[in-house]
Amino acid sequence: MMLIPCPWCGPSDENEFGYGGQAHVAYPDNPHALDDEAWGRFLFVRENPRGWWQERWFHSAGCRRWFAVARHTVTNEIRAALPEPT
Amino acid sequence: MTVELRRSPLAGAAWGDAATVAIAEVPFTPAVELRGHGSLQAGAHLPEDVGETRRLRSRSTFARRVCCLGPQWWLVTGEPDDLTLVDEVTALVDEVTAPVDEVTALVDEVTAPVDEVTAPVDEVTAAVTFGSAVDVSAQRTRIDIIGPRWADVLRHVWPRDLATLTVDTCAQGLLGRAQALLIREADDRVAVHVRASFARYAYALLTDAATEYA
Amino acid sequence: MPTLPTHPDFLWAEGEPKRHYDVVVVGGGGHGLATAYYLARNHGITDVAVLEKGWLAGGNMARNTTIIRSNYLLDASAAIYEHSLKLWETMAADLDYDVLFSQRGVLNLAHSLSDVRDSKRRVFANRLNGVDAEWLEPDEVAKIAPIINISAGVRYPVLGATYQPRGGIAKHDWVAWAYARRAADLGVDLIQQCEVSGFDVCGSGDGRRVSGVQTNRGPIGADRVALVAAGHSSVLAARAGVDLPLQSRPLQALVSELLEQVLDTVVMSNAVHVYVSQAHKGELVMGAGTDAWNGYGQRGAWHVIEHQMAAAVELFPIFARAHVLRTWGGIVDVSPDASPIIGLTPVEGLYVNAGWGTGGFKATPGSGWVMADTVAHGRPHALAQPYALERFTTGALIDEHGAAGVAH
Amino acid sequence: MIFHFDGEPIAARPGDTVASALLRVGKRAVATSPYLDRPRGVTGIGEEESGAFVQIVSGVGEPMRPSTRVEVVAGLVVRGLGGRGGLPVAPDPSRYDRAYLHCEVLVVGGGAAGVQAATDAVERGEGRIVLVHDGPLAMAVPDAIQVLQRTTVTGLFDAGHAVALERRTEHLLAQPSPDVARMRVWHIRSARTVLATGAFERPLAFADNDRPGVLLAGAAATYATRHGVAWGRAVVVCTDDTGLAAALALHDAGTAVAVVADVRTGLVGDAVRALAERGIDVRQGWSAVGTDAAADGGVAAVELTPVTPQGVVLGPGERVPCDLVAVNGGWSPNVALFTYVGGPVTWDATRVAFVADRARPHLRSDVTVVGSAAGDGPMPANPPATFFGAVANGPDIASRVFIDPGRDATLADLHRALGAGLRSVEHVKRYTTIGTGADQGRTSGVLAIGLMAATLGVSPGEVGTTTFRPPYVPLPFAALAGRDRGRLSDPERVTAMHDWHVEHGAVFEVVGQWQRPHYFASTQDESMADAVLRECAAVRTGVGMMDASTLGKIDVRGPDAATFLDRLYTNVMSKLQPGRARYGVMCGADGMVLDDGVVLRLAGDHFLVTTTTGGAARVLEWMEEWLQTEWPDLRVWPTSVTDQIATVVVAGPGSRDVVAAVVSDLDVSKEALRYLAHAETAIAGAPGRVTRVSFSGELAFELMVPAWYGDHVWRAAWQAGQAHGVTAYGTEAMHVLRAEKGFVIVGQETDGTQTPDDLGLSWLVRKPVDRAGNPTPDFIGSRSFARADTRRPHRKQLVGLLPVDPQRQIPEGAQLVAVGADLSTTPVPMLGHVTSSYRSAELDRTFALALVAGGADRHGERLLASFGADDAEVVITSPVFLDPEGARRDG
């Protein structure tokens, strides 16, 4: 079980968290300005790297904050917890 | 308020012996969740770190405690008979826009630490621009684990490191399969707060975990 | 104790890659091997190489719980999985290899009223789609699997189950070897320890065309490339400039020690993530739920196994003293609608077949069949049409989540 | 001390395992092999056992335990196994436990190296040191060290996580204790972990090497010295100095060592001298090629012969009678745990072993390996031979050379695998099943690799190893379940009124984790169908009460609350006046309906949002996600009050009288408390809120009070309702009543693929511009409505269905096809499916809701509902079957 470094509660068991997938995927300022292809990409296409990436976690059993971490998807090494959400 | 009409989720259930370990509901503990949008830099009267708690004094004689559950998120709890806590604390939000001195007065009453000199007026107002104060007295049920073996019981159902749960600190996490808030009330007493609908589960889980220590 | 059939005396020879092939299949798992076989068998295309970065069928093919069924809810799903099931029924003869395909039936348990509603909906749809399906009341469930606790008081009451008699299990490694052997017989090169690191793409924009692959054993030219790399597909596709809406997640499974026969059907409980059968030699084979996070480490979190065990001993009290002998993790490639992505890509000559999630093993023959046809003719096979990448633009998803149709 | 083996009483001594006790009384053949039915005996002394597996029959029973790991207690009953264990049918009454432990240093292995590592940690002043040992600890350790005995670390995982199994009672008593957990699964988090897991002795390949009496040499010697096993006449066959040491130990313990056959030549050192002094015949350059069987199936003699270091049999051989063949084929470091965290192993040609490669990185830099597991220790006087066995030429001999006795896998199987063209060790493992048995290849793995390498003419390092998988020792399912069993297996959530429901015959339905009354059986033998008709009739004609406390409730407060809710819901909440309520729907970004519920505006900046029972947690997280990740500028704070508030629904023409009886200081008349109005007031003496909202179409009130008062208010309303014949109703009746009105249930009419428009809720969906032509604020999901597939006509839309035969009830989930469709040729085109289907007391007939392609335009058409034997025709209608003008809701 991974330890997720919650910026507010400290490292906590993985099952205290919800998972949010790729981090920093901003909701479009004006969704209606996007064509179907671009909107489809926003809805469904996310990075899926074998290696480092930034992902979101939600501390549902703790402080109930969303935050992002950099994790290696093979080793599960977690580098940084980035308090700023999205 | 007609308190005699109330019924607590566990009807005051108790188990065991405090000489080793006892598990008992503490019914009808008043509680308010506070949310603040403003900066708490000057929040001398509120704990700022998650897991930190402060004992409070109030106009009444009751012991109160404010726990920091998350960024800009606090839980104020008190003793079962502290019937004015909810009104006093929820009043904070209604009074935010009121003149500074009124706010200060209220803030002092509700959130001034026991042995702390009241902070200057301007600090306090800067500290307390609450956005929300919600009565959650019945939202959670308090089950106390009392006695020297309290940690032995909890380590079967609480994955977090109990060594960090020092007196006057709190922690949220999973108690078995239910979300819970633990408050280390005293050396040999921990208050477990769970959602009321999970109270029967939590009580059964704790008494089961305590079997070998009774 | 049953003794298993013996293998053919020869399976395949280690090959050296040629400079160029008509078709290069990237990924030597079950789907890749089946694709190569059907390219040769159905379409006479034998100038084919299967490139595998490790050892053949060493990925999810070696890591799954071998459950085979076709009782999916939606028309497109039922069609391709039923096509696959029919191929399973003739596989041993077609490949001349006993893959221990055992049609012992598959039960999907319902534990809540909404489970019952969804299950019946699936049964009624299955029948109209030509898929054998029955709804069983609890007492009928107990007749088929007496060790299931159907008493009312339990935490996960069994309110009934769907039953597909033609469903079952097979010996996963042998299936892959059977395809590999026949593909090799027909002239397909099987190249192991050959990792594809990228694609040679000429042209630009809509005019891009694939001309080969880069590997750790040098460049290999190809007129057509079939990307069938399961969890690694999106990583590879990205190198050809194609973004696939896939997320790769850990999926764990386990086996017990060899046990005297107690269960002679397959039992699945999507609600509590228990998927169990008793294999030919006597071990209980169980699948767990997918871990929530992306991971290529082929290992999941232990609490997933503990949750599964808690549910398993409630449903099957007799399992209390069985032992977990071995656990392992695979990498499932999950798409937004829990359905695969099959067909053409924006790069001409590059075809993709991925996103099977937990449905991969059972789909092996059908997936290979439609992929081979798609590559051979340069257009989607009829059964593959609904699974085109475009659906994520139009919104015409094939969402199997709703009826919990996806699970092992 | 007496225990029973295969029905026979066996005397045992303190400290005995089943294996040592059986060996002492001369029982060599104790089990049979899985496929070939060959007799098998004890081969080792620990987890490496590959022959003597027993079924525990006493106590709660347990299948497939290595006899070498079962400590004897009085009353123990075991039987030898034939390759497969048996699952006891009787329920397992024992307790199983889980516990969490946090420490700085975790040392795995209580041997010399482990104790040393733990002691060093103490001296370095490290805190919280835990030493885990899989048996009783032999050595004393400093008090500062917490010792877990009879505990086996079974897995290492991410972030300092280790899982261990402690067997707590079976060495003390044969029966389970009602109060003491039989086993405990430890979850240990440590800052650093030291693996001192030792090494396993390796067997050798030769014909009939699986006969009882063929043991690993070190194990045989330990049985003699520690357990007083008298072996009679022994032959030692070895490739390593530890074999020589074993020969000495056996001799000094009273065993006649006839011959020591060591494949090596030119042996030097003390051991050789000591053997000579004792007159033991040491044959250098010799090894074993076969054995003969005695009457009990055990070994009667071993055939020794001169061999080359490559294993070529030179002959002529010699047949040496013996009771024990003590085999030492070298040692295999126990690196399983190390490899779980990606620890690399490398072939050490001088030690003839795969050792932990400490030079290369792995997943857990905090995990280190010490002792023989890492190949540490001084080199012996004579280097070990790279030798895995000798096989004479001859028909079928290879098929009697066992590599993995647990799977009856032989050298012949290995040769067939290689002959089939397989070269990967993983393929060979799967083809031969070597290493997949109960011992997980502890002894067979490296032997197979060595023989494979010898056959292919490469080094074992080039062949490589297969992957070890957790758990390190087999873990009982029940131990992993821990205390998550029975009523604790998963929480059951109950409302404040739960006990009343139980007292009044409620039959519960599980909704998520909630227990909700499905219906109330008024008498023991009232059927569900009758009860539901009765409950529905009561609400339509009299008054009914329902517990709606499980609905999610979220307090949403802040200056921007209205703006926030406008973005969340498809309809406008900012226009809602304080004191009023409004039904709303929210969608995901994909435009599909996510949840629905009634929103109450309490004040300008204050709302109370209700959600579905199943959606409560999801909607709160949804709100928090948008507020924290996309709109941190909005000053809004959502707080869950689901458990804070108990909700009593009083519904039916008579409901106003009942409510008026419990609400004294609020005028609940039609004029004073209009539909969708709400007000704070005392309810039966409790502080509460009354809302005029109806999910049944009838006059109805929702009474909300703090959950502490829920039971009281329910009982008070029930009391007040007696005069009006009040009836308690459950979720089934509630579903029927709402369906008669065409109200959808998220999760029943929806499966994540319906837009509001599909459900006939387009009136709830804000237009991009308002009537005045001003653009309206965007809401989540609106963009998706413009996609090709969501704009497509003939999407499946909500309709009502009336079976042509008014008494036929169509099963929910039934598929809808064209009348006259040919059902014999599949696939049959399906036009939709039935989402809800009931018998209506009010309509005195059956009816249903369905999703039908283009259904909104097909009212009046006939379809065939297909659900098997007796399909039925239905007519498409409006989904609103009752009171379309909404006249009833005011009473």
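**A strand residue and an interface**

A:S12 sits in strand β2 of chain A, residues 10–13; helices (H or I, at least four residues) and strands (E, at least two) are DSSP runs, numbered from the N terminus. This is a predicted model, in which local features need pLDDT of at least 70 and side-chain atom pairs count only at pLDDT 80 or more, while totals for chains, interfaces and linings use all residues. Residues are numbered from 1 along each chain as its sequence is written, chains are lettered from A and ligands numbered from 1 in the order in which they are written, and side-chain values use heavy atoms, with hydrogens and water left out.

A:S12 counts as buried because its relative accessibility is 1%, buried meaning under 20% relative accessible area (1.4 Å probe, protein chains only). Not counting residues up to four places away in sequence, A:S12 touches A:M2, A:L3, A:I4, A:F17, A:H59 and B:R160, where contact means heavy atoms within 4.5 Å. With the side chain of B:R160, the side chain of A:S12 makes a polar contact at 2.9 Å; a polar contact is a pair of N or O atoms within 3.5 Å, and within protein one must be able to donate a hydrogen and the other to accept it, with residues adjacent in sequence counting only if both atoms are side-chain atoms.

The second stop is the interface of chain D and chain A. Chain D gives 27 residues to the contact and chain A gives 25 residues. Four salt bridges are found across this interface, each a side-chain nitrogen of Lys or Arg within 4 Å of a carboxyl oxygen of Asp or Glu. D:R783 forms a salt bridge with A:D36, with the closest N and O atoms 2.6 Å apart. On the side of chain D that touches chain A, the elements giving two or more residues are α15 (616–630) and α19 (788–791) of chain D. The largest share of that side, eight residues, comes from α15(D).

Terms used. Buried < 20%, exposed > 50% of the residue type's maximum accessible area, 1.4 Å probe, protein only.
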